[in-house]
Amino acid sequence: MSIQEFLEELQGILQREEALSGDEELKDLEEWDSIAIMTCVVWFESRLGIRQPYQFFQAQKTVRDLIRAGEGKIA
């Protein structure tokens with residue numbers, strides 16, 4: 001998966017109209033809530049084969065941190 005594909009899929013998960021650049025602070029995104037985090041838990045495991053607990057996603061600060069979490073699966 002490319003970084004652009006990742007950003008587009010994350011944008012869909014967040015149900016966000018504005019495109020993501022990767023530099024956004026997650027806490028500043030209105031859409032980044034407990035449901036979005038749970039969806040990311042499932043999405044990472046099903047789409048990327050990466051299993052991380054809910055708390056891992058809660059601890060991420062930026063969209064770029066999420067990209068780094070998918071390292072090896074996102075190019």
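This is a predicted model: local features need pLDDT of at least 70, side-chain atom pairs count only at pLDDT 80 or more; totals for chains, interfaces and linings use all residues.
Let me begin with Phe 57, which counts as buried because its relative accessibility is 0%, where buried means under 20% relative accessible area, exposed means over 50%, and partly exposed lies in between, with a 1.4 Å probe and protein chains only. Residues are numbered from 1 along each chain as its sequence is written, and side-chain values use heavy atoms, with hydrogens and water left out.

Now to the aromatic rings. Rings of Phe, Tyr and Trp, the last by its six-membered ring, pair if their centres lie within 6.5 Å, and planes under 30 degrees apart count as stacked, over 60 as edge-to-face, and the rest as tilted. By that rule the count comes to 5 aromatic pairs. One of them joins Trp 43 and Phe 44, edge-to-face, at 5.5 Å centre to centre and with 85° between the planes. Another is edge-to-face because the planes of Phe 44 and Phe 57 stand at 70°, with the ring centres 5.0 Å apart. This pair links distant parts of the chain, since Phe 44 is in helix H2 and Phe 57 in helix H3, 13 residues apart; helices here are DSSP runs of H or I of at least four residues, numbered from the N terminus. Phe 44, too, is at 0% relative accessibility and therefore counts as buried. Taken together, ring pairs link Phe 6, Trp 43, Phe 44, Phe 56 and Phe 57 into a cluster.

Next, helix H2 itself. H2 has 15 residues and reaches 20 Å from its first C-alpha to its last, close to the 21 Å expected at 1.5 Å a residue, the expected span being 1.5 Å times one less than the number of residues. Its buried residues, including Ala 36, Ile 37 and Cys 40, pack against H1, helix H3 (54-59) and helix H4 (63-69). Just after H2, Gly 49 takes a positive phi of about 70°.

Leaving aside neighbours within four places in sequence, Arg 16 is in contact, meaning heavy atoms within 4.5 Å, with Gln 11, Leu 29 and Glu 31.

Notes. Helices (H or I, at least four residues) and strands (E, at least two) are DSSP runs, numbered from the N terminus.
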